Protein chains: 2
Amino acid sequence: MTTATPTDITPDLSLAGAVTIDDIRAASARLEGVAKRTPVLTSRRLDELIGASVFLKCENLQRVGAFKFRGAYNALSLLDDEARHTGVIAYSSGNHAQGVACAAAQLGVPAVIVMPANAPRVKRQATEGYLERAPAGSEVVEYDPKTQVREEIGAQIADKRGLTIIPPYDHPGVIAGQGTAALELHEEIPDLDELHVCCGGGGLLSGSAIATKATQPGCRVIGVEPEAGDDATKSFQTGVLHEVSNPDTIADGARTPRLGRYTFPMVRTHVDEMLSVSDAELARWALFCMERLRIVVEPTGVLGLAGLARRAGGGRAGRRVGVILTGGNLDLSMIPALRTLAAGSPT
Amino acid sequence: MTTATPTDITPDLSLAGAVTIDDIRAASARLEGVAKRTPVLTSRRLDELIGASVFLKCENLQRVGAFKFRGAYNALSLLDDEARHTGVIAYSSGNHAQGVACAAAQLGVPAVIVMPANAPRVKRQATEGYLERAPAGSEVVEYDPKTQVREEIGAQIADKRGLTIIPPYDHPGVIAGQGTAALELHEEIPDLDELHVCCGGGGLLSGSAIATKATQPGCRVIGVEPEAGDDATKSFQTGVLHEVSNPDTIADGARTPRLGRYTFPMVRTHVDEMLSVSDAELARWALFCMERLRIVVEPTGVLGLAGLARRAGGGRAGRRVGVILTGGNLDLSMIPALRTLAAGSPT
């Protein structure tokens, strides 16, 4: 199923310490009153299905509908005055774009967002909406993901206009910001035995693992990614950085090619386990969230929940399990397709 | 638009005092640790659209997906031992059925639920699921709403089996339970200027108004119902109890024919204002909840929000406005129909 292949990149494992709990706590202070302290939801039916007490940290209810606002706002807050004045650029399949656009509007920083032409409609519209409140010069630049590489387009524009690139995950300020969600969860629900976190480029997973190991060291951290893009699982298991090009998955927020310079060492060092799940499982759990939990979570956003379900059973009774639901920007017209996909999912 | 006509029923206005804040506080104590203390969500985008600070009490995230669990559990808790042992019966278009079924399972009371054949599929399935855990003899009995009157069927079965009827709204124990949601909202968000509450049979609206006037007397209480079933608005405005038969509205939780023996005096006495909204507005706000707030709210559940939007503007800046989102049991296959309906809605 996997198409992940090894790279010849030699990672610098010392970068696993490039973000500390102090960085995450500082980010948390910056985000106070700016980001939402998202609710933690529970469901008896879910507990029965999983056979454990499950606590869902609802980052789908975060500003911009995803945890990405945390990292973007923290990274922009760390810029010096000149960089803030000139502006930033971000390339993203969706939620990072919205996070940067919203943070830019909030902080008064001009922002250029490079988005794929096939980005979900709701994400594109919302990004443009935020940029309307950002300073002049802010705009969405579209690219064709089949023929163009977003990093190259981003670098070209950044170079020409003198903009600071805010990468979607491989950046200490972004990682520290993403770690604040897990920090809040541990504060509100102490003594979790496990925490399940989605993994695309590994920014949220890295931040969550660092926050967890510093505040709740007995809690196992499990990263979950889509089967078609299981590069991080392969990288984690082998210690060799793997990559996958344009993975074919409905988890559009996890179509990243590989872990990064920072996130590979962090995931390899601080995470306890990695696994991958199928699109059918993602579809099933996205529908479960809407129908039984009455919250909208996009397929990428249920990676952690689907991973937990995949691992469920086997003496987990009485365990306390956390899950970060990461994003809620679902194009509702996708629901029939989710239904079809889910029909192929084992229960 | 309205088809509501006056009745010749003479209401007993002294029954406006049949539920007091003490009853609601007692219900709240019973529900502690049983019902969820549902989150209160906010949205900057919504605040901008409305021109006020809006606080959404998310009863769509309550157990069974609706506030109805509160009233049902409270009413069943108030039964004597014999009545509990013999069992209860409820007739409902949906959420009350689930509320009674879930409370019955929780309290070990046998329950018969009389549901219309056209009840939403998700509500029917969920009700049956709860009854599987209730004592033997619990079952769903279906009726045809076009040819049969649910009150008559309910009364027949109740009589034959000696069951206690748990009416969906016109019952002091139910009303006191429903009032606990507003009580929680006022505790968490003090100094609200207005509270918008949906109105079907008036149980939630009565309980909310009593809780509000006792704890936050300066807060205006506004009831909102569907245009096609605006009997309560007409009753409130004229002082003459109006009724409407089988109103044609997507707000399936508010297809009640008239206010009740208790709820008419309570609404007339404790509520400040009543208004009605169109199905197009309900569709538009249900979609807004899913797409922008990332929560699932059924059309009936957004009555309060749609009413607020209808009244919005005109010097409301700086005001603090509460809304109870009442239910989240939406059949997702309805979304295309909501889209079509909403297209006819004024912005």
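I began with a cross-chain pair: Arg133(A) forms a salt bridge with Glu48(B), their closest N and O atoms 2.8 Å apart. I took a salt bridge as a side-chain nitrogen of Lys or Arg within 4 Å of a carboxyl oxygen of Asp or Glu. By that rule I find two salt bridges across the interface of chain A and chain B.

I note that the model is predicted: local features need pLDDT of at least 70, side-chain atom pairs count only at pLDDT 80 or more, and totals for chains, interfaces and linings use all residues. Residues are numbered from 1 along each chain as its sequence is written, chains are lettered from A in the order in which they are written, and side-chain values use heavy atoms, without hydrogens and water.

Next, the extent of the interface. I looked up the contact (heavy atoms within 4.5 Å), which takes 34 residues from chain A and 33 residues from chain B. The buried area (accessible area, 1.4 Å probe, that two parts lose on being put together, summed over both) is about 2,300 Å², with 48% from carbon and sulfur atoms. Arg44(A), Arg294(A) and Leu332(A) supply 30% of what chain A buries against chain B, more than any other three residues.

Then I turned to one residue. Gln62(A) sits in the loop between strand S3 (53–58) and helix H3 (68–77) of chain A; helices (H or I, at least four residues) and strands (E, at least two) are DSSP runs numbered from the N terminus. Leaving out residues up to four places away in sequence, I list Ala35(A), Lys36(A), Thr38(A), Phe67(A), Arg70(A) and Arg294(B) as touching Gln62(A).
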